[in-house]
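Student: Hi! Could you walk me through this structure?
Tutor: Happy to, here it is.

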Amino acid sequence: MKRISKVRVEHRDEPRGGRIVRIATSVGTVETPTRAPTSTELNAKVNIHFEEPWDNLVFEVASRFLDVAQVQALHQKNGAYATKRRALAAQVDKFRGYALTKYFPQLALGTTLDARDVRTLLDLQVEAGFDVISIPEPSSSCTLKRFEENLDRSWSYISAQDGDLAVMPYASMSQDPAAFKAKLTALVEHEGDLRAIGLHFASPLTFRPNYLTLSEFGDRDVWFHSSGGRRYPSPRQPLAQLHAIQRFGVDSVSLGVPQAPVRGDPDWRYVRYFDRGTVTYPRIQEACGREASLPCGCPLCRHRKLDDLVSHMRSLGNQDELVLRINDAARVHEVYASTAEFEDARRAIREGRLVRYFRRKAGLKPFLMPEDNQARLVLE
Ligand SMILES: [Zn+2]
């Protein structure tokens, strides 16, 4: 069965009012904009023994490669490949039949892959049983010619193994604007056959030209998925930027693997908590306010006091681990809350009021564009 049989833009508002895409998959129809939980978030769920499911239809396994040597090890060191494949297959097994599974090899910026590195990453995904096979970009600075050769070679290779698999070629959002435009144009020429395009996340504050380019392709029946996302630009700007990029036609988002494990910030009260009201990440204690109740109706937070959450997490391990477990709880909450917030945004898109929705959210206001103010003047 085709893993992705059809992608269709159901609703679109210009200019940059967002879009709703329906993706017909082997596990059901995905409606966007939405969020895809990742293996990092799943680990958080396991750590806190939280058993209620997520009902997201796309699940991403992400692995972080610090440098090209870690990719090369997969085809140069005995056992490395088999170990990795087994670990990935175990993740895929948990979601088979429930969610469309995909893999994101998170490579450091500036990494260059040769043909054998790419082939190894493709084999790894096919053998582990993923539904959507990511085709890595040889490097974010590669030429258009090299990019297209890699696409053609990888795509035929995967189709020859299993014609029902979906492919998702990646392009980095942090590259030169002219190169990005050329690569995206080349990919979108395959509209109809190519149903998914992956974007390696970069901040929309810094890389706006590439996001503007992306928005020009908003009428295309292709699923644009952003991987490797960062939750907020900086601790001083705790804005939920993954919710901002839907304006440019990004249909779904996933978080990247953090740079380093959350280090022992000794105080659990400082753990960041996704707040739907503002679409920002206040500290968990600030988010709860005077009532000290978790301000969210998700299965993790519903009817819970912050104190109850803390004492429950304390029961799972020693004091040193408390901040890690509260952070895990915040991540599990975030999958539910962010997914639900995307559903609200979807309604706003359908009703042609995404810009108004952005204006109402403190975390999204900084992403408004000059054209939005003009639109407001006209309306007033
Ligand atoms: Zn919650």
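We will go through a few strands, a helix pair and some backbone details.

Tutor: This is a predicted model, so to speak of local features we need pLDDT of at least 70, side-chain atom pairs count only at pLDDT 80 or more, and totals for chains, interfaces and linings use all residues. Residues are numbered from 1 along each chain as its sequence is written.

Student: Is strand β9 buried or exposed?
Tutor: Five of the five residues of β9 (residues 196-200) are buried, so the strand is largely enclosed by the rest of the structure. Buried means 20 or more other C-beta atoms within 10 Å of a residue's own, exposed means 12 or fewer, and partly exposed is in between, with C-beta atoms placed from the backbone. Strands are DSSP runs of E, at least two residues, and helices are runs of H or I, at least four, numbered from the N terminus.

Student: And which residues sit on each side of β9?
Tutor: Ala196, Gly198 and His200 are on one side, Ile197 and Leu199 on the other, and all are buried. In a regular strand the side chains alternate between the two faces of the sheet.

Student: What does β9 pair with?
Tutor: Strand β8 (residues 166-172) runs parallel to β9 and is joined to it by three bridges, while β10 (residues 223-229) pairs with β9 in the parallel sense over five bridges. Pairing requires at least two DSSP bridges between two strands. As for partners, Ser172 is bridged to His200 in β9, and Ala196 stands opposite Trp223 in β10.

Student: Switching topic: how do helices α1 and α10 pack?
Tutor: α1 (residues 39-47) and α10 (residues 319-350) pack at an angle of about 120 degrees, with their axes 8 Å apart. Axes are lines fitted to C-alpha atoms, for helices over the stretch in contact, and angles run from 0 to 180 degrees between N-to-C directions. α1 and α10 are therefore oblique to each other; under 35 degrees is roughly parallel, over 145 roughly antiparallel, 65 to 115 roughly perpendicular and the rest oblique.

Student: Where are the cis peptide bonds you'd point out?
Tutor: One runs from Glu14 to Pro15, with omega near -10 degrees, and Pro15 lies in the loop between β1 and β2. Another runs from Thr32 to Pro33, with omega near 0 degrees.

Student: What about phi of Val279?
Tutor: Phi there is near 55 degrees, a positive value in a residue other than glycine. Val279 is buried, with 27 other C-beta atoms within 10 Å.
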